[in-house]
Amino acid sequence: MKTPVRVAVTGAAGQIGYALLFRIASGEMLGKDQPVILQLLELPLDKAQAALKGVIMELEDCAFPLLAGIVGTDDPEVAFKDADVAMLVGARPRGPGMERKDLLLENAKIFTAQGAALNKVASRDVKVLVVGNPANTNAYIAMKSAPDLKPENFTAMLRLDHNRALSQLAGKAGVAVGEIEKLIVWGNHSPTMYPDYRFATVGGASLKDRINDADWNANEFIPKVGKRGAAIIEARGLSSAASAANAAIDHVRDWLLGSNGKWVTMGIPSDGSYGIPEGVIFGFPVITENGSYTLVRDLPVDEFSQKAIDKTLGELEEERGGVAHLLG
Ligand code: NAD
Ligand code: LMR
């Protein structure tokens with residue numbers, strides 16, 4: 001029997017939490033032979049704690065063989081104690097008519113406190129995924145608030161955007177999603193993100209040549225992927241939850257277990273590549289293996305792509321400026 005992996009999840013009684021926990025406990029994230037201990041954080045409010053209690057009761061009632069323990073708490077230092085994986089979901093979602101960055105100041109405080117708690121008590125190798133919006137800047141805040149942890153272990157979720165782009169491309173090209181490789185979503189998890197299929201392949205052949213429609217790319221595909229979150233809020237009255245939880249599982253699974261040589265998109269702290277200033281949490285193409293990721297380097301950037309990358313970077317720099325006062 002393997003040693004259990006401690007997985008902390010914040011906002012555990014929220015929408016995404018409810019779509020996420022049962023899949024982690026069943027082995028879909030870390031493998032069907034990997035026991036897990038769930039360490040669940042919710043707000044210190046009666047309603048939130050009662051909802052968390054109910055979720056824990058349901059987890060117990062599933063009798064998952066891989067679920068080696070459950071901790072429910074309102075204290076980040078309990079939730080993050082020795083955590084190997086921390087999925088930071090708990091934050092306010094946006095409603096209709098809002099942009100994700102409208103949440104910045106309200107949610108930023110959560111990530112300074114949680115970064116500090118991770119710094120104090122988590123495993124020194126903890127892998128952090130920030131889902132709560134605005135995800136890139138919240139990941140940046142958490143990373144800066146945890147100076148004793150490895151900056152490269154702080155990541156933001158762009159996998160939902162990657163999956164959304166895959167699905168749109170597969171529909172347009174008439175191929176199966178699983179056939180498409182080498183897709184990228186550059187930048188911020190916001191409408192400025194740049195889904196880029198210039199290098200994408202289907203069965204080894206160029207997807208761009210197959211689609212061959214620059215107008216569709218600029219005027220339909222890119223805006224549709226960028227605004228998909230808002231379209232879901234408009235349709236459901238609530239932000240995406242099952243697809244977000246699914247993307248979180250994809251992100252952590254690939255990070256820990258490997259992407260088998262395939263490119264995936266992760267929001268990671270830049271090392272200065274592609275002209276992105278060091279430390280900015282930016283969506284990049286990576287290949288993952290055994291708990292680490294390697295940036296796909298030296299891809300050519302044409303004029304159209306440079307403009308798109310500059311735009312999303314500009315927005316991230318603005319968000320970073322807006323929270324600088326919280327970081328001392
Ligand atoms: P939700 O309101 O249903 O659940 C959030 C939960 O977090 C609530 O139960 C709340 O009590 C809890 N919470 C709030 N602050 C907390 C804190 N400081 N510590 C612990 N728990 C806390 O929201 P949701 O639909 O689950 O969405 C959660 C976040 O994920 C939102 O910010 C949303 O915008 C974001 N999101 C991101 C992506 C992405 O692709 N990055 C996708 C979907 C949603
Ligand atoms: C999404 O992309 O679905 C989430 O970030 C939720 C939102 O606010 O759009």
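Predicted model: local features only at pLDDT ≥ 70, side-chain atom pairs only at ≥ 80, totals over all residues.

1. The space taken by ligand 1 is the largest pocket. A pocket here is an open set of points on a 1 Å grid over the protein atoms alone, where a 1.4 Å probe fits and protein lies on both sides within 12 Å along at least five of seven lines.

2. Residues are numbered from 1 along each chain as its sequence is written, chains are lettered from A and ligands numbered from 1 in the order in which they are written, and side-chain values use heavy atoms, with hydrogens and water left out.

3. Around ligand 1 there are 25 residues, the closest being Gln15, Glu42, Arg92, Val131 and Asn133 (a residue counts if one of its heavy atoms lies within 4 Å). Helix H1 (15-25) and helix H4 (104-121) each give at least two residues to this shell; helices are DSSP runs of H or I with at least four residues, strands are E runs of at least two, and both are numbered from the N terminus.

4. Which atom of Gln15 meets ligand 1? An N or O atom in the Gln15 side chain is 2.8 Å from an oxygen atom of ligand 1. Taken alone, ligand 1 exposes 860 Å², and the protein buries 87% of that (areas by the Shrake-Rupley method with a 1.4 Å probe).

5. Ligand 2 has a shell that includes Arg94, Asn133, His189 and Ser239, and helices H6 (159-173) and H9 (228-236) each supply at least two of its residues. Oxygen atoms of ligand 2 lie 2.8 Å from a side-chain N or O atom of Arg100 and 2.7 Å from one of Arg164. A polar side-chain atom of Ser240 is also 2.7 Å from a ligand 2 oxygen. On its own ligand 2 exposes 260 Å², of which the protein buries 94%.

6. Finally, have a look at strand E13 (residues 281-289): seven of its nine residues are buried, meaning under 20% relative accessible area.

Note on methods: Buried < 20%, exposed > 50% of the residue type's maximum accessible area, 1.4 Å probe, protein only. Polar contact = N/O pair within 3.5 Å; in protein donor to acceptor, adjacent residues only side chain to side chain. 1 Å grid on protein atoms, 1.4 Å probe; cavity = no way out; pocket = protein on both sides within 12 Å on 5 of 7 lines; lining within 4 Å. Sits in = over half its atoms within 2 Å of the grid points.
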